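Please open the structure in your viewer and keep the sequence panel beside it. The tour below goes from one selection to the next.

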Amino acid sequence: MDLLSWMAWTAPVAIFFACIAAMLIGMTIWELRSPTVPRKGLLPLVTTRGDRLFIGLLLAAYINLAWTGATDLTQWWGAMLGAVGLVCVMRWG
Amino acid sequence: MSVAKPVNQRAWWLVLPVLVSVAFSALIPLMTVVNYSVQDILSPSQSVFVGWEWYKEVLRDPELHSALVRQLIFSAAVLAIQIPLGIALALSMPREGWRSSLVLVLLAMPLLVPWNVVGTIWQIFARADIGLLGYVLTQMGFDYNYAQDPWDAWITVLVMDVWHWTPLVALLAFAGLRAIPEAYYQAARIDGASRWAVFRHVQLPKLRSVLMIAVLLRLMDSFMIYTEPFVLTGGGPGTATTFLSQYLTQKAVGQFDLGPAAAFSLVYFLIILLLCFVLYNFMKNVGADEQQGRSA
């Protein structure tokens, strides 16, 4: 695990960034295969697929922070709620 | 018959150096901060994974809540004063000739002063015993002392920021006004438009892009203000002018709590990101709706 010991890298953080990188690569491939069409859904602004991913990730981050700040329950529930928020924004935003 | 233009993807290779430079200067440091925010750094070679512990500590810290409220009030006050004042200054500036050049040079001067020097200038200027401002206010009967009175400290920090940064808004607005073609003014004159109508329906819509830049720059800058209040008041009296960045510095450098400081930095980053995103979209949509309504 020499790679992870550099700057005290930890496996959870590496997995987190791997997920973000996978999302960005996936979105790039999706965009190349089928270019996005801006649309107006539940959000009060016209968004592209990339905009919705950004808003969804921001929402997920805030849900996680709110969960951490407001409860002592396990963070996994907050993470799941954040993931549901991200999916909702991507689908209906 | 139309001929499809071949798409040249080679331009992406030209962007590669910038991407690599951004990765090293922004992305990797940000990743490092994320990494530190979930660890307790005991020594350079010793660290313990603590998960969300620092976030919990930071989000439940009453001092952080107070600093955040102060910061939001300060940034809102900065925008509420500097944007209208900057536009008013730009509108009243001479458009051409030596007067225009002179006003531009005078306006740009506060922007050339380094931030710590601005703090020092105002520290001396506002002192009741030797400073011109403090002395005049005291002679006028005001009980003014920015080192002891929180309200005086707030007003002084705010006025100092207005003095330092309103010229930036004015210069941006002035550049935007200069870019409006004369034909628009001629058409307004033919229609008999009043001075206010010209501002509301010609100048303000045309200033939308530069004002968006001005608002975002001032929001981000005011949200990250550190040096000037640090030099002027040291965050005091008490914690009256301790804003987020000063509180962060106390944690990271003063107490060397790298884990909580990293968690705090990320929360700070998310707040700025959200505020900028909301303001950017709000300003973009307000202008766009108006223009759509006019063209319909």
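Predicted model: local features only at pLDDT ≥ 70, side-chain atom pairs only at ≥ 80, totals over all residues.

**Stop 1: around B:Arg218**

Show the side chains of B:Asp221 and B:Arg218. They meet in a salt bridge, at 3.4 Å from N to O.

B:Arg218 lies in helix H10 (residues 208–223) and B:Asp161 in helix H7 (residues 150–178) of chain B, so the pair ties together parts that are 57 residues apart in sequence. B:Asp161, like B:Arg218, is buried.

**Stop 2**

Select B:Met224, in the loop between H10 and helix H11 (227–232) of chain B. B:Met224 counts as partly exposed, with 44% relative accessibility. Leaving out residues up to four places away in sequence, B:Met224 touches B:Ser245, B:Tyr268 and B:Ile272. For a distance to check in the viewer, pick the C-alpha atoms of B:Met224 and B:Tyr135: they are 31 Å apart in space, and the residues are 89 apart in sequence.

**Stop 2: helix H3 of chain A**

Move to chain A and select residues 49–70, which form helix H3. The helix has 22 residues and, at 1.5 Å a residue, should span 32 Å; its end C-alpha atoms are 31 Å apart, which agrees. Among the buried residues of H3(A) are A:Leu53, A:Ile55, A:Leu58, A:Ile63 and A:Trp67.

Which residue forms a salt bridge with A:Arg49? The partner is A:Glu31, with the closest N and O atoms 3.6 Å apart. A:Arg49 is in helix H3 and A:Glu31 in helix H2 (residues 11–33) of chain A, so this pair ties together parts that are 18 residues apart in sequence. A:Arg49 is buried, at 9% relative accessible area, whereas A:Glu31 is partly exposed, at 32%.

**Stop 3: where the chains meet**

Colour the two chains separately and look at the interface. Here 23 residues of chain B are in contact with 24 residues of chain A. The area buried between the chains is about 2,100 Å², and carbon and sulfur atoms give 74% of it.

Next, find the polar pairs. Seven residue pairs across the interface are in polar contact. On the chain B side, helix H1 (11–36), strand E2 (46–49), helix H2 (53–59) and helix H13 (258–295) each supply at least two residues. H13(B) gives the most, with eight residues. The residues on this side of chain B divide into 15 nonpolar, six polar and two charged.

How many salt bridges are there between chain B and chain A? The count is two, out of seven in the structure over all chains. To see one of them, select A:Asp72 and B:Arg60, whose side chains meet at 3.0 Å from N to O.

Terms used. Residues numbered from 1 in each chain as written. Chains lettered and ligands numbered in written order. Heavy atoms only, no water. Contact = heavy atoms within 4.5 Å. Buried area = accessible area lost by both parts, 1.4 Å probe. Salt bridge = Lys/Arg side-chain N within 4 Å of Asp/Glu carboxyl O. Polar contact = N/O pair within 3.5 Å; in protein donor to acceptor, adjacent residues only side chain to side chain. Helix = DSSP H or I, 4+ residues; strand = E, 2+ residues; numbered from the N terminus. Nonpolar A, V, L, I, M, F, W, Y, C, P; charged D, E, K, R; others polar. Expected span 1.5 Å × (residues − 1). Buried < 20%, exposed > 50% of the residue type's maximum accessible area, 1.4 Å probe, protein only.
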